[in-house]
Amino acid sequence: MRIAFIDLNNGKRFGETNIGLLELMSFLSQRRNDKIEFFDEVDLAINHWREFDLMVFSAMGFPLEKFINSKKAKILSHIPITKIAGGPGPTIIPEKGLIFADIVIRGEGEIPLFKIINLTDKIKLKREILKSNELKGIENLVFKFNNEVYKTNRLYYPELKPSKIDWNIIKNLEEYIKRWPYLDYIKGTRGISFVSSRSCPFNCSFCQPTVREIFGNRMKFKDSDAILEELLFLRKNYKINSFMLHDDTFTINKNRVIEFCDKLISLHKKGISFNWICNSRVDTIDEEMAFKMSKAGCKEVRFGVETIDEEKRNSVLNKGIKDKDIERSIKITKRNKMRAFGFFMLGLPEQNFRDALKEIRRISSSNLDLATFSILTPMPGTYLGDKYNVNSFNNYYKSNRNNISKMSNLSLELTRIFAIISFYFRPKRFKNTFKQLSSMHTLFYKLRRFIGSI
Ligand code: B12
Ligand code: SF4
């Protein structure tokens, strides 16, 4: 079978490979003998469609919305081979995937995709699969059957483990490494992003139940030996010296973190070391863990603080973290010589310009080394999205991002820019900021990302 895998997230622009698609491709190539090809440009895939039996698309909600409103989606819908869409976007609103694809797979794609490919293999005229009754027996599908939308049983896979990635699949990996946005304050950084776990037990209102809708309730962890093997492969073949763990909360399981760190530390004897960075939660990190992480090369720990207002953080956002945990985790991180990074959101319900300025002042004078500021956007498939009746991703790329604050869209955007300037140009951080911006290469990518995010 000849299968094209297409990333609609535009991940190359951010230096971020589509881990979900990579794990799917690796899962399949470990079990079947197909000709698989990865495309990060949809135009290229469209131009080459005749070379494939199946086209497989992956998208988050916002890129999906952008794509279905483009001419390319129309062209695709007329291409006469079977097209399958999956990922966080189609999982939450499958009907949007059906605008250009024949079949949407909800949630973890490994097993249903494997079953569809096996079924397609058995059918002489590949396209006839859409008329096959057997399709109805495969779980987690949404497709059109006799002009009606048909949904099969929704199943989760608590026993499914993330696959070891075959990085050879991405032929232009160097382009991602070149744009990789983290640890750019360390000279000579060459990095790549990983995800070592799936799902999250917490219940933040702006995020859940999306993550559990994709992965189910039970957390699953990737084998740390598999990650290490991947890292060593990338080091040998691509001279990687850094990585980012995109797990929602990498520090959720202390024993696992310590085991992973010990394995990294044991590589030091062979002269091999990595700089790395991870996401954490302020109530899941402790001194022993931070000490090990730092020894193992961790340079930066990222915490979702969201807002400095404890009451709103816990009532509106349902974050479930206290101010004292925030202070404690920042101290622990810095004491162990790692940088503390905070994620913040502006535009909370009822927030006016004055509240926002107060918030920015307090964040800027905090002990954090780094911070980002987003605009709170209720998304479909989240508790907050339900509360505000949001059932489309389509406002995101326009100026109105489902603004639920008391500020106008323009003042919200300007406040965000002001927050970045106020935080990074404080005298205590200015030296670091200047150091980061002094490299033309870094400045170029930072500006590009910044402009792209407005
Ligand atoms: C890493 C990450 C990113 C990276 C980019 C990753 C990339 N290259 O695609 C960065 C930092 C750039 C990013 C940006 C954004 N992200 Co993001 N991101 C994540 C994160 C933390 C991990 C993704 C991941 O790799 N997971 C591990 C892999 C294995 O899972 P997966 O990709 O979902 O793939 C599995 C299934 O979805 C499915 N699948 C995936 N593709 C396909 C395709 C087919 C055909 C099939 C059958 C199945 C299938 O099978 C895979 C394996 O089981 C997730 C949260 C999470 N826990 O997953 C959020 C998440 C995906 N991001 C999210 C959001 C909102 C964003 C932003 C809009 C944030 C912002 N405000 O700017 C942007 C959008 C970027 C854009 N392109 O426009 C939301 C998406 C919500 C939604 N319903 O779409 C998530 C779920 C976080 C959340 N809970 O809010 N993100
Ligand atoms: S925001 Fe982070 S901690 Fe909260 S539910 Fe989402 S992934 Fe979990």
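Colleague: How many residues surround ligand 1, and which of them are the closest?

Modeller: In this predicted model, 42 residues surround ligand 1, and the closest are Gly20, Ser58, Gly61, Gly86 and Gly109. A residue is near a molecule if its C-beta atom, placed from the backbone, lies within 6 Å of it. Residues are numbered from 1 along each chain as its sequence is written, while chains are lettered from A and ligands numbered from 1 in the order in which they are written. As the model is predicted, local features need pLDDT of at least 70 and side-chain atom pairs count only at pLDDT 80 or more, whereas totals for chains, interfaces and linings use all residues.

Colleague: Which helix supplies the largest share of the shell around ligand 1?

Modeller: The largest share, five residues, comes from helix H2, which covers residues 19–29. Helices (H or I, at least four residues) and strands (E, at least two) are DSSP runs, numbered from the N terminus. By class, the shell around ligand 1 has 21 nonpolar, 16 polar and five charged residues. Here Ala, Val, Leu, Ile, Met, Phe, Trp, Tyr, Cys and Pro count as nonpolar, Asp, Glu, Lys and Arg as charged, and the others, Gly among them, as polar.

Colleague: What surrounds ligand 2?

Modeller: Among the residues around ligand 2 are Cys200, Cys204, Cys207 and Gln208. The shell around ligand 2 divides into five nonpolar, four polar and two charged residues. Gln208 is also joined to Pro209 by a cis peptide bond, with omega about 0°. Pro209 is placed in the loop between strand E9 (197–198) and H10.

Colleague: Which residues of H12 are buried, and how do you know on which side they lie?

Modeller: Val257, Phe260, Cys261 and Leu264 are buried in H12. They cover an arc of only 95° around the axis, which puts them on the same side of H12; the arc is that of the directions from the helix axis to the C-beta atoms. The buried residues of H12 pack against helix H11 (224–238) and helix H13 (287–295), whereas Asn255 and Ser266 are exposed on the face turned away from the buried side.

Colleague: Why is Lys239 called exposed, and Asn10 partly exposed?

Modeller: A residue is buried if 20 or more other C-beta atoms, placed from the backbone, lie within 10 Å of its own, exposed if 12 or fewer, and partly exposed in between. Lys239 has 11 such atoms and is therefore exposed; Asn10 has 18 and is therefore partly exposed. Phi is positive in Lys239, near 55°, and in Asn10, near 60°.

Terms used
Contact = placed C-beta atoms within 7 Å.
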